[in-house]
Amino acid sequence: MELSVWLLALGAATVLLYLVSVKPGGRLSLPPGPPTWPIVGSLFYLSSLPHRSMETLAKKYGPIMFMRLGYLNHLVVSNAGMAREILKVHDAEFASRPHSTAGKYVGFDYKDIIFSPYGDHWRLLRKICTTELLTSARLSTFKAGRHDEVAKMVQSITERGRDGELVKMRPILHMLTSNNICRMLFGRRREATDNLIGSVFDQFFDCVSEMVETVGKFNVGDLIPALKPFDLQGIEGHMKRVSKDMETLLARIIREHREMRAQRNVNAKEDEVKLFLDVLLDLDEELEDKSIMAVMVDMLGGGTDTSATTMEWALSELVHHPAIMKRVQEELDVVVGRDRPVREADLPNLHYLQAVIKENFRLHPAVPLTIPHVNPTAAQLQGYDIPANTNVLVSIWAVGRDPATWENPLEFNPDRFLNSDRGVTGTHYEILPFGSGRRGCPGMNLAQLMVQCGLAALLHAFDWSPAPGIKPEDMSMLESFGGACPIAEPLLVVAKPRVSTDVYKTSA
Ligand code: HEM
């Protein structure tokens, strides 16, 4: 049932209790926030785009806002100063994660990184990520694979866009990011058919996408425990089913990989690129299979939709602003020329492209509200009491659009980054697409490589225009919520080649 329908029904039942509306904190000095109703709290104030509703509420109640959603206390922070308080000054106090249906099923009972509470297990996984899996050195061993994937993407667009056919970009971009991550995890492409597990990957990715979609939603069963058994939105049932399917598939992938390793050991080569799965299996004394599975799901779920959505938004903005697109292409012509493909080594020289990507992250963060943080013990913030176990959301969305920081915040204007040292890696709290601090995104370097190189090649290889009959300025730039906050109307475009087809040739 639609969230709004059952909320209305519940509202009718609770209206009688309005007169006894409770003040959530008793004598505590809580930050300001919208009125709280019995049972539902302030859920009525959230639309189908909760990040926008919260931004509007923050304009009224301020950058540190307290709201009860169902029975759970929530703190929403909406400007750079408050984001810094949570993610830097009080980072350790707010570094845990709340219990949630997603943590139970998507995180394989909190065995993953994303949903794991702050503690030894999370520390171990995070260390594996930052010192083994996602280091610059490890990422550079997969560079040739990333170049190959970009070339394959260009070829696929050339084929699909022949004779001016419209190209739907979302599945293509999703294929790029998932192929990249699959190559690093398992050493094979998502699209590969000539391998042991073949078609299993497609089922697997259907599961990943479904999971990402449900994780982004507010699950009423988590907010109002009395309603949990009814699973009114069907989220819990769905997650349970998908998680079971994924476990079966991942168990098979791990088993087959172990068998391959056993054979490979006979004539192992020292210089072989070490896959993420090999790194994880080498640690199997420290990590049980469930944790290995959970980490793989985090990488696929956390890294594919987010990066693909970011590229779809950036390309949409450039089709919407043809003069900006032309400027990026002029830069590419100077730095790369038209006789060879874009390489990752070119990226540091593509200053205007970098500015475009930062501006895109500012306006269209793939994760508009951080994954909820939680404080296991009561805390004090700016003179306010924050009760223990409050879900804390940093509104990455509102921070990036704060008029106190950004001039004309709704305007897409990459120039604002040209002579500025503001970056997106979490040290400048005015723009936080990857969060910051202990729980900041460990995949940020990989995401930047995929997004920057992918977008550079798209603009180098093609001229882009909207579907015939649609003017660039008439394109809808609204988003939808859930998962990675994509553009609501998937990008459908004309791609006209601007380099010879030989330039992005691949080995296979
Ligand atoms: C454009 C792409 C991406 C964006 C915008 C993004 C954004 C984020 C954000 C905002 C968070 C939450 C920060 C918080 O809760 O405070 C996060 C967490 C995380 N991301 Fe990413 N991410 C991206 C790509 C990736 C990639 C490529 C990977 C791995 C391959 C990845 C893995 C993770 C993991 C494991 C966490 C959980 C960290 C923890 O809880 O300790 N992400 N990401």
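**A guided tour**

User: At what angle do helix 14 and helix 15 pack?
Analyst: In this predicted model, the axes of helix 14 and helix 15 are 8 Å apart. Helices (H or I, at least four residues) and strands (E, at least two) are DSSP runs, numbered from the N terminus. Axes are lines fitted to C-alpha atoms, for helices over the stretch in contact, with angles from 0 to 180 degrees between N-to-C directions. For this pair, the angle is about 145 degrees.

User: Which residues of helix 15 make that contact?
Analyst: Contact means heavy atoms within 4.5 Å. From helix 14, the partners are Ile-324, Arg-327, Val-328 and Glu-331. On the helix 15 side they are His-351, Tyr-352, Leu-353 and Val-356.

User: How many charged residues does the contact of helix 14 with helix 15 have?
Analyst: Ala, Val, Leu, Ile, Met, Phe, Trp, Tyr, Cys and Pro count as nonpolar, Asp, Glu, Lys and Arg as charged, and the others, Gly among them, as polar. By that scheme the contact has five nonpolar residues and one polar residue, and its charged residues number two.

User: What kind of model is this?
Analyst: Residues are numbered from 1 along each chain as its sequence is written, and side-chain values use heavy atoms, leaving out hydrogens and water. Local features need pLDDT of at least 70, side-chain atom pairs count only at pLDDT 80 or more, and totals for chains, interfaces and linings use all residues, since the model is predicted.

User: How are helix 5 and helix 13 oriented to each other?
Analyst: Helix 5 (residues 120–133) and helix 13 (residues 289–320) have axes that come within 12 Å and cross at roughly 60 degrees. Angles under 35 degrees count as roughly parallel, over 145 as roughly antiparallel, 65 to 115 as roughly perpendicular and the rest as oblique. The relation of helix 5 to helix 13 is therefore oblique.

User: Which residues of helix 13 meet helix 5?
Analyst: Helix 5 brings His-121, Leu-125, Cys-129 and Leu-133 to this meeting. Helix 13 answers with Ser-291, Val-295 and Met-299.

User: Is Leu-124 buried or exposed, or in between?
Analyst: Leu-124 sits in helix 5 and touches Glu-286 and Leu-287, not counting residues up to four places away in sequence. Buried means under 20% relative accessible area, exposed over 50%, and partly exposed in between (1.4 Å probe, protein chains only). With 24% relative accessibility, Leu-124 therefore counts as partly exposed.

User: How much of the protein is buried?
Analyst: The protein has 17 helices and nine strands. Of its 508 residues, the share that counts as buried is 57%.

User: What is the phi of Asp-231?
Analyst: Most residues other than glycine have a negative phi. Asp-231, in the loop between helix 10 (220–223) and helix 11 (235–264), has a positive one although it is not a glycine. Its value is near 40 degrees.
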